[in-house]
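Open the model in your viewer and keep the selection panel at hand. The stops below go from strands to helix to cores.

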Amino acid sequence: MNSKKDIESLKNDALKLTSEPGVYIYYNDKDVVIYVGKAKNLKNRVSSYFNESHDSGKTRILVRHIKRFEHIVVETETDALLLENNLIKKYQPR
């Protein structure tokens with residue numbers, strides 16, 4: 001589980017991302033993919049996970065288990081959608 005320090009570190013990393021469209025991949029402490037998402041603005045989307053409290057219990061649990069993330073920048077939102085779909089099929093995150 002993440003401490004407040006871990007969350008702050010992830011938030012700072014997220015704020016360094018580009019504002020371009022892309023896909024983000026969240027990993028847990030065992031380096032297993034736990035979530036794949038797409039964004040039209042990577043910086044805004046990824047940092048939103050670490051900026052606010054979430055109404056959804058599922059999202060709160062997800063954020064507590066994120067140890068690191070990766071991102072892939074693409075040209076368009078459509079490209080992000082296609083890549084997200086392929087990565088979900090590849091990694092099959094719960």
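Helices (H or I, at least four residues) and strands (E, at least two) are DSSP runs, numbered from the N terminus. This is a predicted model, with residues numbered from 1 along each chain as its sequence is written. Local features need pLDDT of at least 70 and side-chain atom pairs count only at pLDDT 80 or more, while totals for chains, interfaces and linings use all residues; side-chain values use heavy atoms, with hydrogens and water left out.

**Stop 1: the sheet**

In what order do the strands of the open sheet lie? The order is E2-E1-E3, and the pairing is antiparallel. Two strands pair if DSSP finds at least two bridges between them. E2 and E3 are the edge strands, each pairing on one side only. Neighbouring strands are turned by 20° against each other on average, direction ignored. Axes here are lines fitted to C-alpha atoms, for helices over the stretch in contact, and angles run from 0 to 180 degrees between N-to-C directions.

Now keep E1 alone. It joins E3 through 6 bridges. It also pairs with E2 over 6 bridges, in the antiparallel sense. Color E1 by accessibility: 6 of its 6 residues are buried. Buried means under 20% relative accessible area, exposed over 50%, and partly exposed in between (1.4 Å probe, protein chains only). Gly22, Tyr24 and Tyr26 point one way from the strand. Val23, Ile25 and Tyr27 point the other way.

**Stop 2: Tyr24**

Center on Tyr24. Its bridge partner in E2 is Gly37. In E3, Tyr24 stands opposite His71. Show the contacts of Tyr24, where contact means heavy atoms within 4.5 Å. Leaving out residues up to four places away in sequence, Tyr24 touches several residues, among them Tyr35, Leu42, Arg45, Val46 and Tyr49.

**Stop 3: the hairpin loop**

Go to the 5 residues between E1 and E2. Pick Asp31, which sits in that loop. Most residues other than glycine have a negative phi. Asp31 is partly exposed, with a relative accessible area of 45%.

**Stop 4: helix H4**

Select residues 77-91. This is H4, with 15 residues. From first C-alpha to last, H4 reaches 21 Å, close to the 21 Å expected at 1.5 Å a residue. The expected span is 1.5 Å times one less than the number of residues.

Step past the end of H4 to Gln92, in the segment after the helix. Its phi is also positive, near 45°. At 63% relative accessibility, Gln92 counts as exposed.

**Stop 5: the cores**

Which residues of the largest nonpolar core touch the most other members? Select Tyr24, Tyr26, Val46, Tyr49, Phe50, Ile66 and Phe69, out of 16 residues in that core. A nonpolar core is a set of buried Ala, Val, Leu, Ile, Met, Phe, Trp, Tyr and Cys residues joined through side-chain atoms within 4.5 Å. Helix H1 (4-15), E1, E2, helix H2 (42-51) and H3 each supply at least two residues. H2 gives the largest share, 4 residues. Next, select Val33, Val36, Ala80 and Leu87: they are included in a second, separate core of 8 residues.

**Stop 6: Val63**

Finish in helix H3 (residues 57-65), which holds Val63. Val63 is buried, at a relative accessible area of 8%. Show its contacts, not counting residues up to four places away in sequence: Asn2, Ile7, Tyr49, Phe50 and His54. Then draw a C-alpha to C-alpha distance from Val63 to Met1. The two are 62 residues apart in sequence and 8.8 Å apart in space.
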